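Here are some notes for a colleague who wants to check the fold and a few individual residues. Please read them with the coordinates open.

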Amino acid sequence: MAPTALNTTPHIHALLKNLHNKSLTQESTLSWPALPAQCTTEFDTIMRDKFIALDQDKCELVYHILRSINATNVVEAGTSFGVSTIYLALAVAENAKRVGSQKKGKPRVIATEKEESKATSARAHWAAAGHEVEEVIELRVGDLRETLISELGVVDFLLLDIWTPLALPALKLCQPHFRPGSVIVADNTVMAADRYQELFGYVDAEGSGFRRVTLPYSGGMDMIVYQ
């Protein structure tokens, strides 16, 4: 059995395994090239009942990164059914115990989701995970270009598991709140490289303050560090 960075209960391990399996089953029925353009009414309608959860191995990497940088204030752009949010919350809760009073502010994961129906499902999954997960999540429902305008605090980590047209807007909203060493992770950066060009151009520009590397995960995954 492969080792896992995730430090949690057998109940949560089982819950996450079940949710990941449901997501993979749904995704196997989708033909991505035939889908309408992202962020259109037609696309949103098709995706309204789909998990599209971050892969389990990627979730575990994200958890590991959060534990490594002592992240206690995290933003997730693209919560969907709340699967990856559980990993973020577990890491933030553990870090809060470790750093104690060294960091100011309440530990939290600011989760963003446009669809109210998905938000309802996410809340149910967090409730199933338990109080430790629920109490650190602050769910903001609506267009993230509006919900991330204020009250972010110092952002240690940003997860861009969102439709690509919203990746750069989410990054720009969080950028004033990054500290040196803040980490940004973007998913499917190889599979959707053509749609990420705007984001890549921004973070790769000379003097941007960002450094980017592509990780060899399925579909690609980029880790960006704010310096």
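In which strand does Arg108 lie? Arg108 lies in β2, which spans residues 108-113; strands (E, at least two residues) and helices (H or I, at least four) are DSSP runs numbered from the N terminus.

1. Basis of the model. This is a predicted model, in which local features need pLDDT of at least 70 and side-chain atom pairs count only at pLDDT 80 or more, while totals for chains, interfaces and linings use all residues. Residues are numbered from 1 along each chain as its sequence is written, and side-chain values use heavy atoms, with hydrogens and water left out.

2. The sheet. The 7 strands form an open sheet with mixed pairing, in the order β3-β2-β1-β4-β5-β7-β6; two strands pair if DSSP finds at least two bridges between them. Because β3 (137-141) and β6 (210-215) each have a single partner strand, they stand at the edges, and one side of each is left without a neighbour in the sheet. Direction ignored, neighbouring strands are turned by 15° against each other on average. Strands β1 (residues 73-77) and β4 (residues 155-160) pair in the parallel sense over 4 bridges, and Glu76 has Leu159 of β4 as its bridge partner.

3. Helix against sheet. Helix α5 lies across β2 and β3 and runs at about 170° to β3, where contact means heavy atoms within 4.5 Å and angles run from 0 to 180 degrees between N-to-C directions, with axes fitted to C-alpha atoms, for helices over the stretch in contact. Trp126 belongs to α5 (residues 116-129), and its contacts beyond four places in sequence include Ala111, Ile137 and Leu139. Trp126 counts as buried at 4% relative accessibility (buried is under 20% relative accessible area, exposed over 50%, partly exposed in between, with a 1.4 Å probe and protein chains only).

4. Arg108. This residue is buried, with a relative accessible area of 17%, and its side chain makes a polar contact with that of Asn73 at 2.9 Å (a pair of N or O atoms within 3.5 Å; within protein, one must be able to donate a hydrogen and the other to accept it, and residues adjacent in sequence count only if both atoms are side-chain atoms). Arg108 also touches Glu151, among others.

5. Backbone points to check. Most residues other than glycine have a negative phi. Ser80, in the loop between β1 and α4 (83-99), has a positive phi of about 55° and is buried at 10% relative accessibility. Glu151, in the loop between α7 (144-147) and β4, has a positive phi near 55°, but Glu151 is exposed, with a relative accessible area of 63%.
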